[in-house]
Structures are given as C-alpha cells and as structure tokens.
Amino acid sequence: MIEDMNSAGSHIAFPEETTLDERDERYLRKAIVWSHAARRRGNRPFGSLIVSADGEVLAEAGNSNAETGDCTAHAEVNALRALAGRGLTREELASATLYASGEPCVMCAGAIFWSNIGRVVYGIDAERLRVFRGERQDQRDAELSCRDVFRASPHPIECIGPALLHEASAAHDGAWAS
Ligand SMILES: [Zn+2]
C-alpha cells in the first residue's frame with residue numbers, strides 16, 4: 001500500500017479537500033489575502049476574517065507575532081480581539097463565521113469557543129502545515145486538532161476545511177525555512 005511520505009519518511013494521512021460554496025470561497029480568499037499581508041510584514045503567514053450571517057465583515061486581521069513580539073497574536077485571536085466593544089449579541093456571534101487561512105491552532109480554537117462564534121471555515125490543514133514547518137522543534141504546533149476542541153464545546157461549532165488548498169498553501173511556500 002502506497003501512502004504519502006514526508007521527507008523524514010514517516011507516513012502522513014492528509015485530510016481531503018472540501019469544496020466550498022461561492023460565498024465561503026469569497027471570504028476565505030480574503031483571509032488568504034491577509035496571510036500574504038502578514039508575511040510581507042515579517043510575520044507568520046496567517047490571516048482571518050469574521051463575517052456576520054448577513055455577510056458583513058465584522059473583523060479581519062493577519063498574524064502579528066513578529067511585529068508585536070506577542071506569541072498569542074495569531075490572526076484568529078487578532079480578529080476576535082477586534083470584535084471587542086462592537087456590542088454583538090451572543091446570537092449574532094453564534095450565527096457568524098470565522099474564516100482562517102490555516103487550520104486554527106489549539107489556542108485559537110479555544111478563543112473561538114469563548115467567542116461563541118458558531119462556524120469556522122479554514123484553508124490549509126494542520127497536517128499539510130507541518131510539512132511546510134518541517135521538523136524544527138521551535139516551529140512545531142500542539143497536535144490537538146481544532147475539531148477535538150470544538151467537539152468538547154457545549155454549544156455547536158461547525159467546522160469546514162481544508163479548502164482552497166492550492167491558494168491557502170501559497171503563502172507558506174518558503175516561509176518557514178529560517
Ligand atoms: Zn492560533
């Protein structure tokens with residue numbers, strides 16, 4: 001049986017790409033644009049967008065780790081913090097969607113849980129991101145998926161991805177080498 005193998009020769013099972021509808025594609029592409037913007041400014045290449053049920057962009061952000069020196073300044077957390085003071089109701093948040101150019105890490109999944117946002121759409125998955133990151137210890141993520149976090153939530157959090165893999169991967173090409 002032939003499986004995909006990484007450079008270290010270990011077996012990797014990559015999740016299958018999801019096909020999005022036109023609306024989700026449009027917003028995920030905007031999150032991907034933010035991932036390129038973050039990289040251009042010297043940060044890790046991640047972007048995020050939060051969109052209301054009726055299509056209003058409530059917040060958008062890129063990763064700003066390098067610019068701020070804040071290890072929690074991931075794109076999703078930055079976007080969630082931008083919602084502060086907007087006076088959104090729990091119902092409005094529950095019907096909103098967070099778009100992320102990359103699969104949310106365990107911290108961001110926790111922040112999404114606390115925000116009460118009910119739907120997540122992401123681009124490149126954690127497994128494919130690990131191939132870009134390589135085996136460097138200081139670049140490794142915690143191997144707990146966002147779906148594991150969302151499954152533990154008492155309120156439902158729909159999770160869709162990976163999607164637009166080709167586009168979502170582009171910002172990571174060569175970004176993790178040094
Ligand atoms: Zn994160």
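Colleague: Why is cysteine 108 called buried?

Modeller: Buried means under 20% relative accessible area, exposed over 50% and partly exposed in between, with a 1.4 Å probe and protein chains only. Cysteine 108 comes out at 0%, so it counts as buried. Before we go on, this is a predicted model, where local features need pLDDT of at least 70, side-chain atom pairs count only at pLDDT 80 or more, and totals for chains, interfaces and linings use all residues. Residues are numbered from 1 along each chain as its sequence is written, and side-chain values use heavy atoms, with hydrogens and water left out.

Colleague: And what makes cysteine 105 partly exposed?

Modeller: Its relative accessibility is 24%, so cysteine 105 counts as partly exposed.

Colleague: Which atoms coordinate the zinc ion?

Modeller: The donors are His74 (ND1), Cys105 (SG) and Cys108 (SG), at 2.0 to 2.3 Å. Donors are N, O and S atoms within 2.8 Å of the metal (3.2 Å for Na, K and Ca); water is not among the atoms, so sites may look incomplete. Along the sequence, the spacing of the donor residues is H-x30-C-x2-C.

Colleague: Let's turn to the rings. Why is the pair of tyrosine 27 and tyrosine 99 called tilted?

Modeller: Rings of Phe, Tyr and Trp (its six-membered ring) pair if their centres lie within 6.5 Å; planes under 30 degrees apart count as stacked, over 60 as edge-to-face and the rest as tilted. The whole structure holds 3 aromatic pairs. For tyrosine 27 and tyrosine 99, the centres are 5.5 Å apart and the planes stand at 45°, so this pair is tilted. It links distant parts of the chain, with tyrosine 27 in helix H1 (residues 22-40) and tyrosine 99 in strand S3 (residues 97-102), 72 residues apart. Helices (H or I, at least four residues) and strands (E, at least two) are DSSP runs, numbered from the N terminus.

Colleague: How do you know whether these two tyrosines are buried or exposed?

Modeller: Tyrosine 27 has 6% relative accessibility, so it counts as buried. Tyrosine 99, at 0%, is buried as well.

Colleague: What makes S3 largely enclosed by the rest of the structure?

Modeller: In S3, 6 of the 6 residues are buried, so the strand is largely enclosed. Strand S1 (residues 47-51) runs antiparallel to S3, joined by 4 bridges, while strand S4 (residues 119-124) pairs with S3 in the parallel sense over 5 bridges. Leucine 98 in S3 stands opposite isoleucine 50, and its bridge partner in S4 is valine 120.

Colleague: Why is alanine 152 called exposed?

Modeller: Alanine 152 has a relative accessible area of 65%, so it is exposed.

Definitions and conventions: Pairing = 2+ DSSP bridges.
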